[in-house]
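Here is a briefing on one protein chain. Look at the sequence and the model first, then read the points below.

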Amino acid sequence: MIHAPGMLMVGSADRDERKTTFACSLIERFGAGHDLVAVKVEMISGADAEGCGYSLAEEKRDTDIKDAARLFEAGARRVFRLRVLKDSLEKGFSALMEKIGPDACVVVESNSLRHAVSPDLFFMVKERSAPAGGQFAPAAEDYADKTALADGNNFDFDFDALKILSGRWILDEAPTAVILAGGLSKRMGSDKSLLSVRSLTMLEHIHRQLRPAFEKIIVSSNEPKKWSGLGAEIVPDKIPGQGPLMGIASCLEASASERNFFVACDIPEIDLRLVRSLLDRALYDDGVVPVAQNGRYEPLFAVYRKRMLHGIKACLKTGERQIIKAFEDYRMHFTPLEDFGLRSLRNLNTMRDYEEYQNKLKERKNP
């Protein structure tokens, strides 16, 4: 996967012209303060291809091509058209970037290019009344950071949350917190989520810590009745028995947020300074994971953007259960816990861990 900082990509789940209408809306909003480049990508068959598998042209301002003229009128400084074979996407994209330059701020219309290129943001546009999927977007919707629903030429989309900072497109929307409570607690010997902490269950204890920082909290659990009074959305695994990776995938799919903070219900203390730092970093990276002093990753106390759903589903399909295997195609940032004065996170895996934690709580209460 090619990473393309400074690029925003727009795909369409139904009517192709919606991409151009949405792209023009973006350019109208940001063109005055930034020199935006617009690109239209068209997939072609072998019969239409040149010897190199693609053709690249820069449109003129007096063009009689309707879509290009609309992009110029909206405020694009330059407009390119890339016609390319599926097997030549990466080669055609490299040629495009040579023409545009590495520091350009770009709006691209394409579904197919998203399978080869990872932009800052990828938005899917679809009619509000359209069914899931769509004839133009097989598999592309899994990549979407956000779906903009269209009513005519109007879009149900929070344009005010979209910004360009230091040449990068970011979507600064409220994040969601997810508590993973679907484990079997084999090493503990009893349900971790029900362990008592300060007169609450463990899950209630974690939920109480997260409430001040998150408008929306999801609980990953295959027993929805158990937590019906918590005031959180309960999301069961799509396919039970596949471990925390399935819980992460199911909750990413259910979440309406681009950024999602995940925490296992055996991590009793939430350092909100650390959580906020992970969330801030995830405005630019696809996933942000703390690293303990001994080099151990903490993938169940981490932020994953919704776009990682595609890679996680791919891992699950092959039988893979380790989330770190899904990191390879994404922009990941690994945050040292030492930066926050921590050597590691406290995990309660066994009854002995739990008893030691309870003793620590008593010592704090009665120094």
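The points below go from the whole chain to single residues.

This is a predicted model. The chain has eight helices and 19 strands. Buried residues make up 53% of its 367 residues.

**The whole chain**

- A compact globule of 367 residues would have a radius of gyration near 21 Å. The chain has 23 Å, which agrees.
- The C-alpha trace spans about 80 × 40 × 35 Å along its principal axes.
- The accessible surface comes to about 17,100 Å². Carbon and sulfur atoms hold 47% of that surface.

**The eight-stranded sheet**

- In what order do the eight strands of the open sheet stand? The order is β3-β4-β2-β5-β1-β6-β7-β8, and the pairing is mixed.
- The edges belong to β3 (54–58) and β8 (154–156). Each has a single partner strand, so one side of each is left without a neighbour in the sheet.
- Neighbouring strands of this sheet are turned by 25° against each other on average, direction ignored.
- Strands of a sheet pair through backbone hydrogen bonds, either parallel or antiparallel.
- Strands β2 (residues 36–43) and β4 (residues 78–84) pair in the parallel sense, over seven bridges. Find Ala38: it stands opposite Val79 in β4.

**Helices on that sheet**

- Helix α3 (residues 89–100) packs on the sheet. It touches β1, β2, β3, β4, β5 and β6. The direction of α3 makes about 160° with that of β4.
- Helix α1 (17–30) lies across several strands, among them β1, β2 and β5 (105–109). It also lies across β6 (117–127), β7 (146–151) and β8. Helix α1 runs at about 125° to β1.

**Asp14, in a loop**

- Where does Asp14 lie? It sits in the loop between β1 (2–12) and α1.
- Is Asp14 buried or exposed? Buried means under 20% relative accessible area. Asp14 has 11%, so it counts as buried.
- Asp14 and Met124 are 110 residues apart in sequence. In space they are 9.7 Å apart, C-alpha to C-alpha.

**Strand β11 and its partners**

- Five of the five residues of β11 (176–180) are buried.
- Thr176, Val178 and Leu180 point one way from β11. Ala177 and Ile179 point the other way. All are buried.
- β11 and β14 (216–220) pair in the parallel sense over five bridges. Val178 has Ile218 in β14 as its bridge partner.
- β11 also runs parallel to β16 (259–264), joined by five bridges. Here the bridge partner of Ile179 is Val263, in β16.

**Helix α5**

- How many residues of helix α5 (residues 244–254) are buried? Eight of its 11 residues are, and the helix is mostly covered.
- Those buried residues are Leu245, Met246, Gly247, Ile248, Ala249, Ser250, Cys251 and Leu252.
- They pack against strands β11, β14, β15 (233–235), β16 and β18 (301–305). They also pack against helix α7 (309–317).

**Aromatic pairs**

- A pair of aromatic rings is described by the distance of the centres and the angle of the planes.
- A search of the whole structure finds 13 aromatic pairs.
- Phe22 and Phe157 form one of them, with ring centres 5.4 Å apart and planes at 90°. Planes over 60 degrees apart count as edge-to-face, so this pair is edge-to-face.
- Phe22 lies in helix α1, and Phe157 lies in the loop between β8 and β9 (162–165). The pair therefore ties together parts that are 135 residues apart in sequence. Both residues are buried.
- Phe123 and Phe157 form an edge-to-face pair as well. Their centres are 4.9 Å apart, with 65° between the planes.
- Phe123 lies in strand β6, 34 residues from Phe157 in the loop between β8 and β9. Phe123 is buried, and so is Phe157.
- Which residues do ring pairs link into a cluster? They are Phe22, Phe123, Phe155, Phe157 and Phe159.

Key. Residues are numbered from 1 along each chain as its sequence is written. This is a predicted model: local features need pLDDT of at least 70, side-chain atom pairs count only at pLDDT 80 or more; totals for chains, interfaces and linings use all residues. Side-chain values use heavy atoms; hydrogens and water are left out. Helices (H or I, at least four residues) and strands (E, at least two) are DSSP runs, numbered from the N terminus. Buried means under 20% relative accessible area, exposed over 50%, partly exposed in between (1.4 Å probe, protein chains only). Two strands pair if DSSP finds at least two bridges between them. Axes are lines fitted to C-alpha atoms, for helices over the stretch in contact, and angles run from 0 to 180 degrees between N-to-C directions. Contact means heavy atoms within 4.5 Å. The radius of gyration is taken over C-alpha atoms; the globule rule is 2.2 Å times the number of residues to the power 0.38. Accessible areas come from the Shrake-Rupley method with a 1.4 Å probe; for residues, only the protein chains shown count as cover. Rings of Phe, Tyr and Trp (its six-membered ring) pair if their centres lie within 6.5 Å; planes under 30 degrees apart count as stacked, over 60 as edge-to-face and the rest as tilted.
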